[in-house]
Amino acid sequence: FLAYRAFRLGKYRQGWPEKLLGHLPARPNPQKPAVWFHAVSVGEILQLQTLVAAFQKSHPAWDIIITTTTSTGYQVAQEKFPQHHLCYFPLDFTWAVNAAIFRLKPNLVCLVELEVWPNLIAACHTRNIPITIVNGRLSEKSFRGYKRLKPLLKSTFEKLDVVTTQNHDYANRFAHMGVPSNCLTVTGSIKFDGCSPQIDPIKRDALKASFNLKDDHLLFIAGSTHPPEEEIAIRAWSIVRQQWPSLRLLLVPRHAERFAEVAHLVTTLGYPIKRRSDSSQSPPAPILLLDTLGELTSAWGIANIAFVGGSLCQRGGQNMMEPACLGKPVLMGPHVWNFSDIAAELTDIGAAVTIYNAEHMATEIIDILTNPERSMRMGLAGRNCILQHQGATARTLLAIQPLLEKTVPQQLASHAA
């Protein structure tokens, strides 16, 4: 399956010695205590920024190991965590897992969201290495699948030492799968802590300059999109543009391997396109493509209206917290089960609108552009909502602190170190 995905989609092509054999690069200072954070791809890597920074500040004597599964996740990790020990995550074969643990010698393993790997968890348990899930998320859809395998997976869930979850529903589902109640803590989502109401002005200006965006241009962004959401966004934009000819459309596909596909879609529909990776002085284009990694936050920041993808298809929605925190009116489709709580809250307070098709999207964009007061109300409501939810990072560190003190001398585990 992985070979097929590598050949057909260009995924998983890097890091095979690490993934298949567990030949991860050994830590240069194995005598130091180490925490191993695993984040599967780009979204989870970006989530880790606040948690890793807080852990490093509180525990400067510890090494920090970060692993990821995808090549795009690895690229972003190199950019965000150049000072830490970066590797590809081993596949869950016993030989790969055992070799990785031998080379990394972790004192604590933290898996982000829902990375339940039976062989890794069993190997850590056998070696008395505490293993945790942080920012735990177990959606209703995933839970249905896990429940069918509960007789096989219950012992794996029972071996988890601490699970911190984003809400009580997720905690209840983890408990149903076998996590002891005394190991569960509801902390909220660390994704909120990664949101800021401001963006770097240097990055903002560089992005605007690369796309030839002027102060009088309006910008609609369709971010973290999956097929067919780019085509839906283009259809909606073409309708709106009849009334607002200065409106530009910025497309940001969720996966890097689709950049060329989306560029081809735009030209096939007959529109000029400007790609972020194109440094030539090409004339301004009405449709823009962000085909670089790590710049989505800046892109949300320069938009007037934001559509969050993965929500008009069966993907469960992508993170709508960032554009909301930046004070942007948020549009999203109905399929948002990955973020059901915050999506419902943003909708209830009028910060976000659920749309169902291109025509509905166009109608809402026109109304928001025509009513600046509504745009401002939506933006302020979203920003205040996200800021009120912050604090999960501190609660997560508090939940895992007893594990640090149990595995290494207390003076190394404590803040005093």
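## A buried cysteine pair

C325 counts as buried, at 0% relative accessibility. Buried means under 20% relative accessible area, exposed over 50%, and partly exposed in between, with a 1.4 Å probe and protein chains only. C195 also counts as buried, at 6% relative accessibility. The sulfur of C195 has its closest cysteine sulfur in C325, 5.1 Å away, which is too far for a bond. C325 is in no disulfide. A disulfide is a pair of cysteine sulfur atoms within 2.5 Å. By this rule the protein has zero disulfides.

## Basis of the model

This is a predicted model, in which local features need pLDDT of at least 70 and side-chain atom pairs count only at pLDDT 80 or more, while totals for chains, interfaces and linings use all residues. Residues are numbered from 1 along each chain as its sequence is written, and side-chain values use heavy atoms, with hydrogens and water left out.

## Overall fold

The protein has 20 helices and 14 strands. These are DSSP runs, numbered from the N terminus: helices are H or I with at least four residues, strands are E with at least two. The radius of gyration is 22 Å, close to the 22 Å that the globule rule gives for 417 residues, so the protein is as compact as a globular protein of that length. That radius is taken over C-alpha atoms, and the globule rule is 2.2 Å times the number of residues to the power 0.38. Along the principal axes, the C-alpha atoms fill a box of roughly 65 × 45 × 40 Å.

Of the 417 residues, 54% count as buried. Contact means heavy atoms within 4.5 Å. Among contacts with a separation of 6 or more, 67% join residues 24 or more positions apart.

## Surface and charge

The protein exposes about 18100 Å², and carbon and sulfur atoms supply 54% of that area. Areas come from the Shrake-Rupley method with a 1.4 Å probe; for residues, only the protein chains shown count as cover.

There are 41 positive and 33 negative side chains, and the centres of the two sets lie 5 Å apart. Lys and Arg count as positive, Asp and Glu as negative; His and the chain ends are not counted. Each charge is placed at NZ of Lys, CZ of Arg, CG of Asp or CD of Glu.

V42 lies in helix 3, which spans residues 42–58. V42 counts as buried, at 18% relative accessibility. Leaving aside neighbours within four places in sequence, V42 is in contact with T72, G73 and V76. V262 is 220 residues from V42 along the chain, and their C-alpha atoms are separated by 19 Å.

N338 sits in the loop between strand 13 (330–332) and helix 16 (340–348). At 13% relative accessibility, N338 counts as buried. Not counting residues up to four places away in sequence, N338 touches R137, Y170, R315, G316 and G317.

## Backbone features

The peptide bond from P227 to P228 is cis, with omega near 5°. P228 lies in the loop between strand 8 (218–225) and helix 12 (229–240). S224 is found in strand 8. S224 is not a glycine, yet its phi is positive, near 55°. S224 is buried, with a relative accessible area of 7%.

E113 is another non-glycine residue with positive phi, near 75°. E113 is found in the loop between strand 4 (108–112) and helix 6 (118–126). E113 counts as buried, at 3% relative accessibility.
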